[in-house]
Amino acid sequence: MREIALTVTVNGERVSRTVEARRTLADFLRDDLSLTGTHLGCEHGVCGACTVLLNGDAVRSCLMFAVQADGAEVTTIEGLSERAGGLTPLQAAFQSEHALQCGYCTTGFVVSAHAFLAECPTPSDEEIRDALSGNLCRCTGYQGIIAAVKRAASADNGSSS
Amino acid sequence: MTAGRFMGQAVARTEDPRLLTGRGRYIADVVVGGASDAAFLRSEVARGRIVRLDAEAARSAPGVRAVYTAADLNPLVHDTSVAGLPDAPYPPKYCLAENDVRYMSATPSPSSSPRIATSPRTPSS
């Protein structure tokens with residue numbers, strides 16, 4: 001197997017590794033860096049569970065090779081969470097609105113919603129639905145998730161939700 | 001149970017914080033020494049007869065530990081049909097599809113494609 005050197009900044013930390021050319025970014029994060037908060041649902045770009053930030057943009061880490069992230073900055077759910085273990089306002093909104101059950105799709109939703117709110121801080125319901133249309137949830141349903149994103153957006157804007 | 005604690009109010013789930021921060025633990029996150037990954041060949045047709053299965057290329061692909069077909073596994077596994085109505089005809093349901101496939105994504109077993117095979121997990125560094 002062809003091995004390629006790779007240097008990438010993951011959650012603020014510079015990491016240099018040698019990986020097989022065919023290794024996906026998702027497998028690299030999960031298996032090589034033990035960042036298992038990034039989940040694999042469909043492995044072909046449909047479910048969004050593997051969403052991470054690549055230079056700030058939400059991307060599906062199952063559709064990228066690790067070596068394509070060479071020189072880039074990758075942020076995973078671990079990097080969007082507080083090290084002390086508390087919840088960010090977005091994560092707390094998910095809990096308050098019962099926007100998760102099994103949690104498998106949840107980290108992907110949180111990463112997608114994070115990128116979306118950075119771009120669109122005062123979204124309409126329709127914009128939220130559109131932004132999250134690339135993430136699938138099979139147990140909770142979407143009403144709570146949309147409510148959570150809405151609540152996080154209004155909290156960020158200083159108004160009560 | 002104390003009614004005052006649980007009735008009429010939302011009870012915060014204790015699992016939410018870990019699930020929301022990527023610290024949940026799912027079966028794929030559990031590292032067991034010597035564990036292999038399995039891949040299944042799935043039917044690409046809704047209905048068909050299995051005329052021939054050639055698993056040789058899969059068996060000889062690098063890293064492959066084993067390739068199993070219906071002939072290997074079905075004798076070891078009970079019919080997995082969910083019981084239907086009494087005396088209603090119901091086709092047998094096998095662990096791996098045997099003789100025919102009756103829906104898309106039925107798992108006839110490995111074919112000649114190496115992606116079907118099982119291979120050892122790459123050890124994490």
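Mentor: A disulfide is taken here as a pair of cysteine sulfur atoms within 2.5 Å. Before applying that, note that this is a predicted model, in which local features need pLDDT of at least 70 and side-chain atom pairs count only at pLDDT 80 or more, whereas totals for chains, interfaces and linings use all residues. Residues are numbered from 1 along each chain as its sequence is written, chains are lettered from A and ligands numbered from 1 in the order in which they are written, and side-chain values use heavy atoms, with hydrogens and water left out.

Trainee: How many disulfides does a search of the whole structure find?

Mentor: Over all chains the search finds zero disulfides. A:Cys50 is in none, and the nearest cysteine sulfur to it, that of A:Cys62, is 3.8 Å away. A:Cys137 is likewise in no disulfide, with the sulfur of A:Cys105 as the nearest cysteine sulfur at 3.9 Å.

Trainee: Does A:Cys50 count as buried or exposed?

Mentor: Buried means under 20% relative accessible area, exposed over 50%, and partly exposed in between, with a 1.4 Å probe and protein chains only. A:Cys50 has 3% relative accessibility and therefore counts as buried, and A:Cys137, at 8%, counts as buried too. Of the 161 residues of chain A, 50% count as buried.

Trainee: Which elements does chain A have, and in what order do they run?

Mentor: Helices (H or I, at least four residues) and strands (E, at least two) are DSSP runs, numbered from the N terminus. Chain A has five helices and five strands, and from the N terminus on they run β-β-α-β-β-β-α-α-α-α. The radius of gyration, taken over C-alpha atoms, is compared with a globule rule of 2.2 Å times the number of residues to the power 0.38. For chain A the radius of gyration is 16 Å, close to the 15 Å that the rule gives for 161 residues, so the chain is as compact as a globular protein of that length.

Trainee: In what order do the strands of the sheet stand?

Mentor: Two strands pair if DSSP finds at least two bridges between them. Here five strands of chain A form an open sheet with mixed pairing, in the order β2-β1-β5-β3-β4. The edges are β2 (13-20) and β4 (57-60) of chain A, each of which has a single partner strand, so one side of each is left without a neighbour in the sheet.

Trainee: How does β3(A) join β4(A)?

Mentor: Strand β3 (residues 51-54) of chain A runs antiparallel to β4(A) and is joined to it by four bridges; A:Val52 has A:Val59 as its bridge partner, and A:Thr51 has A:Arg60. The two strands form a hairpin with two residues between them, and A:Asn55 in the turn has a positive phi of about 50°. β3(A) also pairs with β5(A), in the antiparallel sense over two bridges, where A:Leu53 stands opposite A:Thr75. A:Thr51 and A:Leu53 point one way from β3(A), A:Val52 and A:Leu54 point the other way, and all are buried.

Trainee: Which helix lies across β1, β2, β3 and β5 of chain A?

Mentor: Contact means heavy atoms within 4.5 Å, while axes are lines fitted to C-alpha atoms, for helices over the stretch in contact, with angles from 0 to 180 degrees between N-to-C directions. Helix α1 (residues 25-32) of chain A lies across those strands and runs at about 110° to β2(A). Helix α3 (residues 106-119) of chain A packs on the sheet as well, touching β3 and β4 of chain A, and its direction makes about 35° with that of β3(A).

Trainee: Which residues have the most contacts inside the largest nonpolar core?

Mentor: A nonpolar core is a set of buried Ala, Val, Leu, Ile, Met, Phe, Trp, Tyr and Cys residues joined through side-chain atoms within 4.5 Å. The largest has 29 residues, and those with the most contacts inside it are A:Leu90, A:Phe94, A:Phe109, A:Leu117, A:Leu132, A:Ile145 and A:Val149. Two or more residues each come from α2 (89-96), α3 and α5 (143-156) of chain A together with α2 (16-20) of chain B, and α3(A) gives the largest share, seven residues. Apart from this core lies another, of 18 residues, among them A:Val19, A:Leu25, A:Leu35 and A:Ala69.
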